[in-house]
Amino acid sequence: MIRIGLNEKQKQEEIKKYVKENNIKNVIVFSPKNMFMKLPKMDIPIRQIDYDEIIMYRTFYPLLEEIGKNHLLIANELMRDKNRNCLTYNCYAKYTNQTEHRIAFNYFPIISERRDIMILIDFINSQQHKGFGINNVDISKYDIKCIRKDIELSIVDIPLPESALDEYNEEKERLFDKLGNKSPDTIPRNLHIWTGKFKKPFLNDSEVYIARNKRFKQKNIFVYKEAVPGLKYIIIDIPFRRLEFNDFLRTTGQEDLQYLSTGFGVDKVYIKELKDWIKEVGNIYAETGVYKG
């Protein structure tokens, strides 16, 4: 089964319920180290293994020997790579071959696009559909239940000086001239950061902001890895990697987003990508069940 958007207490309850109903004798939870979950107290062994350990010889072969038909394996926030055939996922599939009891917990159903949900499906069916794409699988037939995250995005337009467009075009040309053998992706990444020069004069000391890096050197502006629950951050710029932004939303629980936009092309691109992601997450919610606890 796949459960999307659950909090720690709900995850614990799902584990205890599954153990009770399926005569489970041993539970192993696999999590990224910075996302280790609080394990429920039970009368059977339960332990947690770091994501990075999945591929290690010291872990891989002993687990293959250990895992049996009465084990429950849990992929907790394990969707960390968009490559469905990455080594970590392939090793995890070998573990899941040992038992039919599998649960996948994840905060969102995808990383950046619809096909990513196939990664979660692989976690629970031991890559039974490894050769299939998202268009070949009816996800509504799987036991997938979600707590919907209603992400809403509002755009705050920044007024620009008359010279702004010329400066923007000049910077874009400069980045193209310096490109050399680098990936073309570096241009929008760097240009996106550069637009912060126009946003900075409009930052308010009474608000809290989130940005890609520490270039602003202000106490009320944080980078994404510093985000904490309970604060409502205004977005200055968005990380290039969608997973980093998803982690920010998971950490903060924030659903009402404000984004500062210059109106330049690069801001429009990031806004469109974020809106497309929000829409796709909503589409997945609509095709799956609602988690009621």
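The entries below follow the order of my reading.

**Entry 1: the model.** I noted that this is a predicted model, in which local features need pLDDT of at least 70 and side-chain atom pairs count only at pLDDT 80 or more, while totals for chains, interfaces and linings use all residues. Residues are numbered from 1 along each chain as its sequence is written, and side-chain values use heavy atoms, with hydrogens and water left out.

**Entry 2: a helix pair.** I looked up helix α5 (residues 164-177) and helix α6 (residues 186-194), whose axes come within 10 Å and cross at roughly 145°. Here helices (H or I, at least four residues) and strands (E, at least two) are DSSP runs, numbered from the N terminus. Axes are lines fitted to C-alpha atoms, for helices over the stretch in contact, and angles run from 0 to 180 degrees between N-to-C directions. Which residues of α5 meet α6? I found E167, Y168, E171, K172, L175 and F176 in α5 against I187, N190, L191 and W194 in α6, where contact means heavy atoms within 4.5 Å. By class, this contact of α5 with α6 has 6 nonpolar, 1 polar and 3 charged residues. Ala, Val, Leu, Ile, Met, Phe, Trp, Tyr, Cys and Pro count as nonpolar, Asp, Glu, Lys and Arg as charged, and the others, Gly among them, as polar.

**Entry 3: the largest pocket.** I recorded a lining of 17 residues for the largest pocket, with S112, F240, R241, R242 and E273 nearest its centre. On a 1 Å grid over the protein atoms alone, a pocket is an open set of points where a 1.4 Å probe fits, with protein on both sides within 12 Å along at least five of seven lines, and lining residues have an atom within 4 Å of a point. The elements that give two or more residues to this lining are α8 (242-252) and α9 (265-287); α9 gives the most, with 4 residues. The lining divides into 9 nonpolar, 1 polar and 7 charged residues.

**Entry 4: two positive phi angles.** I found phi near 55° at E77, a positive value in a residue other than glycine, and phi near 55° also at K217. E77 lies in the loop between β4 (71-76) and α3 (87-96), and K217 in the loop between β8 (208-211) and β9 (221-223). Is E77 buried or exposed? E77 is buried, because its relative accessible area is 4%, and buried means under 20% (1.4 Å probe, protein chains only). K217 is exposed, with 73%, since exposed means over 50%.
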